[in-house]
Amino acid sequence: MKTTYKTLLASVLLLTATATQAQVNAGDSVMQHAGGNRLSIGGYGEIGYSRNFYSDHVSRYSQPEEHKGDPTHGRLDIPHAVIYLGYDFGKGWTFGTEIEFEHGGAGIAYEKEDEEGGEWEQETEKGGEVELEQFWIQKSFAHWANIRAGHIVVPVGLNNAYHEPLNFFTIYRPEGENTIMPSTWHQTGVSFWGRHGDFRYEAQVLGGLNADQFTNTGWIHKGHKSSTEFDVANKFAVAARLDNYSLPGLRIGLSGYFGESIGNSYPRNKNGIDDEYRGRVLIGAFDFTYYGHNWIVRGQADYGYLGDAEQLKYVYNRLNSKSPYKHSAFVSKNAYAVGIEAGYDVFSQISKLHERDQKLYVFGRYEQYNPYASNTKGTAYDYTEVKRMAAGINYYPVPQVAVKAEFSKRFLKSAYNDEPSLNIGIAYEGWFDTGHRKLAKKEQHDYEQLQQRINDLQRQLNELKKQ
């Protein structure tokens, strides 16, 4: 009887993890699940409100004592509203595109440049307000061999590989990775990817980043953007990612990036720093997600290196006051971001709500990051070192919609004021076309069959317990 009991228990655990993983796969990057019909239409979006209980003055770090009692400030925002379009031409040829509206759409905006003493700048940002985040043609030879060419997502780090709003608990994207790297990181290039057994892999060749865009508070965050009508490709880079799914409910990922950045600008100077130095960018990242036993746990660690960082201050475009790349601050040789979040579905313990497929995750998150982790030429910006904690809830009335609320606090060095805030938001992610319902129904049917099998085994376990 003990052997039978252990066997049944093992079966229940395995099937539970498999059922959970089926939901995980359905919730990961939406573009990966377009299928079942020729034309697919979908998207995701977020609406957020923040009340920040700290000063938003430009000198809050240079003169923290003067701004200790400043009034709170609030913001309403639509960080991302995205439309997906996909089409299957047949014979393995497919097309995908993603159009993103950031912060409500296009237009002229004024922006406070903290790095330039708080001066106002009027901007119409190419790639900042309305952008073509993905635009590619793909040829699929088999599950293990696909070639994609065009404007593609660079899957370095957890945030870029899984950037849709149902893939993180917080109202806004995880702050650490979102600070030191582009988010969502997208560039034009060629990708080879596939899946074999328990592994998914991808390798990319891309245009290089533009070192003129690197900053002390964001490291390479703006490096993929272009102020011209084209992306400069004087230099090239490579990126790679490997994910493993061997353990039920667990995904483990490794990713990296390497490329040159100095001189990948327009115009390109014949002599001087632009020609003499390389500005090599090297990034290594580890991340994981776990779905099981009514828990979701996610974590990541990223480390970056920038060669010739001390030379960037003297690059011609950064010195030219009329250039869109004017920056006066030093940039760090190193940057890092680590973070972990965990949430438990309390509705899993309430049978009526669980049967209705409603979920309520109570979560906590901790992260630490610094885009200026090493002083350049003895110049320090200590306020860039941040520790952040957040706690809140995610309520799912239906699987495609999440209502979020959180209280978070940034902990800075003792010389500065901490930065608490209250954030509330709602997010969605899914498909809108009727043709895709076939695939969704099949996934739901498979999931229901697994759940039925789990229930049957659970009844057998209960009978054995009584005996």
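A: Begin with what kind of model this is. It is a predicted model. Then take the overall make-up, and after that single residues.

Q: How many helices and strands does the protein have?
A: There are seven helices and 19 strands.

Q: What share of the residues counts as buried?
A: Of the 467 residues, 49% count as buried.

Q: Among contacts between residues at least 6 apart in sequence, what share joins residues at least 24 apart?
A: The share is 69%.

Q: Which residues of the largest nonpolar core touch the most other members?
A: To read a core, look for its members and then for the elements that supply them. The largest nonpolar core has 32 residues, and Trp185, Phe214, Ile220, Tyr257 and Ile283 touch the most other members. Strand 11 (236–244), strand 13 (280–292) and strand 15 (334–345) are the elements that give two or more residues to this core. There is also a second, separate core of nine residues, which includes Leu166, Ile296, Phe363 and Ala427.

Q: What is Ile220 in contact with, leaving aside its neighbours within four places in sequence?
A: Its contacts are Ile180, Met181, Pro182, Trp185, Leu209, Phe214, Val281 and Ile283.

Q: Which side chain does Gln187 join in a polar contact?
A: The partner is the side chain of Trp185, at 2.7 Å. Gln187 also touches residues beyond four places away in sequence, including Gly150, His151, Leu206, Gly207 and His224.

Q: Let me try Ser50. Where does it lie?
A: Ser50 lies in strand 1 (residues 39–52). The relative accessibility of Ser50 is 5%, so Ser50 counts as buried.

Q: Which side chains make polar contacts with the side chain of Ser50?
A: One is that of Tyr172, at 2.7 Å. Another is that of Asn423, also given as 2.7 Å. Beyond four places in sequence, the residues in contact with Ser50 are His73, Gly74, Arg75, Tyr172, Leu422 and Asn423.

Q: How about a residue in a loop? Where is the place of Asn234?
A: Asn234 is in the loop between strand 10 (199–207) and strand 11. Asn234 has 32% relative accessibility, so Asn234 counts as partly exposed.

Q: Which backbone oxygens does the side chain of Asn234 reach?
A: Check the partner atom as well as the partner residue. A polar atom of the Asn234 side chain lies 3.0 Å from the backbone oxygen of Gly263. The side chain of Asn234 also reaches the backbone oxygen of Ser265, at 3.2 Å. Setting aside residues up to four places away in sequence, Asn234 touches Gly263, Asn264, Ser265 and Arg268.

Q: How far apart are the C-alpha atoms of Asn234 and Leu209?
A: They are separated by 9.8 Å, and the two residues are 25 residues apart along the chain.

Q: Next, rings. How many aromatic pairs does a search of the whole structure find?
A: It finds 19. Read each pair by two values: the centre distance and the angle between the planes. Tyr372 and Tyr381 are 4.7 Å apart, centre to centre, with 80 degrees between the planes, and form an edge-to-face pair. Tyr372 is buried at 2% relative accessibility. Tyr381 is buried too, at 17%.

Q: Why is the pair of Tyr428 and Phe432 tilted?
A: Their planes stand at 40 degrees, so the pair is tilted, and the ring centres are 6.3 Å apart. Tyr428 counts as partly exposed at 31% relative accessibility. Phe432 is partly exposed as well, at 48%.

Q: Which residues do ring pairs link into a cluster?
A: The cluster holds Tyr61, Tyr372, Tyr381, Tyr383 and Tyr416.

Q: Which residue lies over the face of Trp136?
A: Arg148 does, at 3.8 Å from the ring centre. In another case, Arg298 lies over the face of Phe169, at 4.7 Å from the ring centre.

Terms used
Residues numbered from 1 in each chain as written. Predicted model: local features only at pLDDT ≥ 70, side-chain atom pairs only at ≥ 80, totals over all residues. Heavy atoms only, no water. Polar contact = N/O pair within 3.5 Å; in protein donor to acceptor, adjacent residues only side chain to side chain. Contact = heavy atoms within 4.5 Å. Phe/Tyr/Trp six-rings, centres within 6.5 Å; stacked < 30°, edge-to-face > 60°. Buried < 20%, exposed > 50% of the residue type's maximum accessible area, 1.4 Å probe, protein only. Lys NZ or Arg CZ within 6 Å of the ring centre and 35° of its normal. Core = buried A, V, L, I, M, F, W, Y, C linked by side-chain atoms within 4.5 Å. Helix = DSSP H or I, 4+ residues; strand = E, 2+ residues; numbered from the N terminus.
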